[in-house]
Amino acid sequence: MFARGRPSLLSVVVPAYDVAAYLPACLDSVLAQAGTLGRTALEVVVVDDGSPDDSGEIAEGYAARDPRVRVVHTENRGLGAARNEGLRHVGGDLLAFADSDDVVPPGAYATLLRQLTRTGADFVTGSVARWEVGPEGEALVEPPWMRRLHRQRTDVVVDDLPEILGDVFAWNKLWRTDFWRATGLAWPEGVRYEDQPATTLAYLRARRFGIVPEVVYHWRIRTDGTSITQQRSSLRDLADRWSTKLDSLRSVEEYGAPKVTAVMRDRVLAGDLHRYFAEIPGCDDEWWDLLREGVLSIWGSRSLTHSGLLPVDRLVGWLVEQDRRDDAAAVVTYARELGRPVDRVETPAGRRIDVPVIDLATVAPEALALREHER
């Protein structure tokens, strides 16, 4: 707990690369947090990660007007390295991260700070809203799985709620700096999806961590093709995804709690595979081989038929395991064009999904079976 009456300092690290169109809104939202933080002061460390646009100049303009803002200029080394560089320049006993194309909603840090102070936790995490822009305008959408993971205000250890490992984000959390440094946390460098290995270690190493149900971060969903989450068909993206998944799984296995490991493998690590399965139609041989290699390395001894994926994605996962590329592509295409959940049918063995584009007699029953709650 903080000493009674002692002012604290919250340091927010903001990496910036090619975000001139978004950076002012991000910095304005972070600086506005100060009005709700009481005796806690605020500093913002912007790391210009060798940006090719005016992001560095924009950040310097803020620093010239506001002494709470400092700017560090580096060669371009990627998001993880930029965050780590920012950490070398912070002075606060509290720590947060914000990506420069996103926005922190009013009062978010104050909400996290109240829970941190009340519980004495090592860090606190809150829910997130996707900031989506479509033909009908903008919308803030809280993903149901985020709402479910953060539905109660509490403080726990990872054994109490292993599914929280699916909240992998750096920027919806408030950290105690001494916890971060004492446990040797750092963001992986030179790889995408750097959030997951670091946040996984944080959950595992924390004495306790806090949870709040409020949305504390607005995550801009960019549609210009520059977001890494829009590049899943690239070989590099897939290689990085497997690397960070495997790093995170190793940390959980070393933690040594079978329940936590099972949830990590079957629910957390499997959670985004459907997005990669969507890229199977039209993929090249090298991408397919890497997809299958990663699936087998994590689920080969257990099979994705036991995972928390939707029924049709469990089937696709099984087909990947069996190296049935054409059938996997046919199922993905069929489900996409159907535009709704695939049909269910009654068989002597029980209810299962019906996918008429492949010969179901050649499919293992467990790859088609429905769970009790899915029937």
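A: Asp247 and Arg250 sit 3 residues apart in helix H8, so about one helical turn separates them. Helices here are DSSP runs of H or I with at least four residues, strands are E runs of at least two, and both are numbered from the N terminus. The side chains of Asp247 and Arg250 meet in a salt bridge, 2.3 Å from N to O. The term means a side-chain nitrogen of Lys or Arg within 4 Å of a carboxyl oxygen of Asp or Glu. Asp247 is partly exposed, at 31% relative accessible area. Arg250 is partly exposed too, at 41%. (Buried is under 20%, exposed is over 50%, partly exposed lies in between, with a 1.4 Å probe and protein chains only.)

This is a predicted model: local features need pLDDT of at least 70, side-chain atom pairs count only at pLDDT 80 or more, and totals for chains, interfaces and linings use all residues. Residues are numbered from 1 along each chain as its sequence is written, and side-chain values use heavy atoms, leaving out hydrogens and water.

Now follow H8 to its neighbour. H8 spans residues 235-255 and packs against helix H11, residues 285-299. The angle is about 10 degrees, and the axes lie 10 Å apart. (Axes are lines fitted to C-alpha atoms, for helices over the stretch in contact; angles run from 0 to 180 degrees between N-to-C directions.) H8 is therefore roughly parallel to H11. (Under 35 degrees is roughly parallel, over 145 roughly antiparallel, 65 to 115 roughly perpendicular, and the rest oblique.) From H8, the residues in contact include Leu235, Trp242 and Leu249. H11 brings Trp287, Leu290 and Ile298, among others. (Contact means heavy atoms within 4.5 Å.) The residues of this contact divide into 12 nonpolar, 2 polar and 2 charged. (Ala, Val, Leu, Ile, Met, Phe, Trp, Tyr, Cys and Pro are nonpolar; Asp, Glu, Lys and Arg are charged; the others, Gly among them, are polar.)

H11 has another partner. Helix H12, residues 311-321, packs on H11 at about 105 degrees, with the axes 9 Å apart. The two are therefore roughly perpendicular. Trp288, Leu291, Arg292, Val295, Leu296 and Trp299 in H11 meet Leu319, Val320 and Glu321 in H12. This contact has 7 nonpolar, no polar and 2 charged residues.

Next comes helix H13, residues 325-338. H12 packs against H13 at about 165 degrees, with 9 Å between the axes. That makes H12 roughly antiparallel to H13. Val312, Leu315, Val316 and Leu319 in H12 meet Asp327, Ala328, Val331, Val332 and Ala335 in H13. By class, 8 are nonpolar, none polar and 1 charged.

Back to charge pairs. The structure holds 30 salt bridges. One joins Arg208 to Asp155, with the closest N and O atoms 2.8 Å apart. Arg208 lies in the loop between helix H7 (195-205) and strand S9 (209-220), and Asp155 in strand S7 (residues 154-156), so the pair ties together parts 53 residues apart in sequence. Arg208 is partly exposed, at 34% relative accessibility. Arg147 pairs with Glu142, the closest N and O atoms being 3.4 Å apart. Arg147 is partly exposed at 42%, whereas Glu142 is buried at 19%. Elsewhere, salt bridges link Arg77, Glu85, Arg88 and Glu189 in a network.
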